Amino acid sequence: MGNKWFETVAVAQRRAQRRLPRSVYGALIAGSEKGLSALDNLDAFDELGFAPHVAGAPESRDLSTTVLGQAVSMPVVLSPTGVQAVHPQGEVAVARAAAARGVLMGLSSFASQPIEAVTRVHGQVLFQLYWSGTRDEMIQRLERARAAGAVGVILTLDWSFAHGRDWGSPWIPERMDLRAMVRLAPEALARPAWTWSFAKTGHLPSLSTPNLAAPGAPAPTFFGAYGEWMQSPPASWQDVAWLVAQWGGPLLVKGVCRVDDAKRVVDAGATALSVSNHGGNNLDGTPASIRALSAIAEAVGDEVEVLVDGGVRRGGDVVKALALGARAVMIGRAYLWGLAANGQAGVENVLDVLRGGIDSTLRGLGRASVGELGREDVVVPPGFTRSLGS
């Protein structure tokens, strides 16, 4: 086999598409309805430019920072993503890569690996949960995360039910039974390398959610967990404040697009928020996260840490986000493509690509550290910013 190293995230995506069965790759592409928000997440970064200096650049650059009280090597967080059927080791491989590169990792409550296996290999894990189930069940999940060594919590509020996709939704079975295997066999046979990677382990891709299992009970399936979420009344701001108090430590609210919601996150006592449209998987037509970032950062950035996710593919994108007020970015699809392309080493490769891009961009801008970045470093075209709910 040729060189497995890839020089950009786009190359990792192409390799993932060649390696993964069509349904698995389709689940990664995701998006909702017409895909307007997913596309805008990417296009918006391309509309931003840089204002570089040509002399006087520092000899070295410092990419390190802190996020939710954790010292990290660069301002990139691996976002929680559910049921990682792209690789047999799933979230454990991702955690090893995050540990090797010194970054925070979010672990989804819908993950295919239990939190104990993930925190065993990485000491900087944020446990993610939705407002799902009863309060007692949520307390039990928080206490399990605490006992496992999670250093913080991500509360995801920006997920709604997508009523179809114009390009078609992938078929995802309830469980990998005989019927599912027969239906998916042509796809699996068309991707022998992916199929063999699971065959060597003696296990089929897990479609269960072990982090949502009640004590002593089997793990629910993905659709069982999804059904619980759909049947749970949406969280109120009082519910958010209650959850912040129950955890009693660093907590990030993910899914904020409006200034008024950001202020309510502050009132609820959260440590941080992420400006997000759930990678375009939420309400289609929501503006790109990067468009909403600066208004939110200006309104609450001195009261909570502000992160952003959605559409980050290059180190330059990270720098653009930091210049507009983010403390760090969160990435999802980018590292999943690396995981699909080359396992743990592929995730490390993606992080190295981003790190190299951040460093190169800082050099061009004449900045010595990520903490020096400001609005004057980027070119923001008229009409770019969206100030929602202000």
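Alanine 272 stands opposite glutamate 305 in β10, where helices (H or I, at least four residues) and strands (E, at least two) are DSSP runs numbered from the N terminus.

The model is predicted, with local features needing pLDDT of at least 70 and side-chain atom pairs counting only at pLDDT 80 or more, while totals for chains, interfaces and linings use all residues. Residues are numbered from 1 along each chain as its sequence is written, and side-chain values use heavy atoms, with hydrogens and water left out.

On the other pairing of β10, strand β11 (residues 328-331) is joined in the parallel sense over 3 bridges, and valine 308 has valine 329 of β11 as its bridge partner. β10, helix α13 (residues 315-323) and β11 make a right-handed β-α-β unit. Strand β10 (residues 305-309) is largely enclosed by the rest of the structure, because 5 of its 5 residues are buried (under 20% relative accessible area, with exposed over 50% and partly exposed in between, for a 1.4 Å probe and protein chains only). Both of its faces are covered, with Glu305, Leu307 and Asp309 buried on one side and Val306 and Val308 on the other.

Helix α12 also meets helix α11 (residues 259-268): their axes come within 9 Å and cross at roughly 40°, the axes being lines fitted to C-alpha atoms over the stretch in contact, with angles from 0 to 180 degrees between N-to-C directions. α11 and α12 are therefore oblique to each other, since angles under 35 degrees count as roughly parallel, over 145 as roughly antiparallel, 65 to 115 as roughly perpendicular and the rest as oblique. On the α11 side the contact (heavy atoms within 4.5 Å) is made by Val259, Ala262, Lys263 and Val266, and on the α12 side by Ala295, Ile296, Ala299 and Val300.

Elsewhere, serine 369 is in the loop between α14 (333-365) and β12 (378-379). Serine 369 counts as buried because its relative accessibility is 17%, and, leaving aside neighbours within four places in sequence, serine 369 is in contact with Asp62 and Leu362.

Methods: Two strands pair if DSSP finds at least two bridges between them. A crossover is right-handed if, with the strands pointing away from the viewer, the path from the first strand over the helix to the second runs clockwise.
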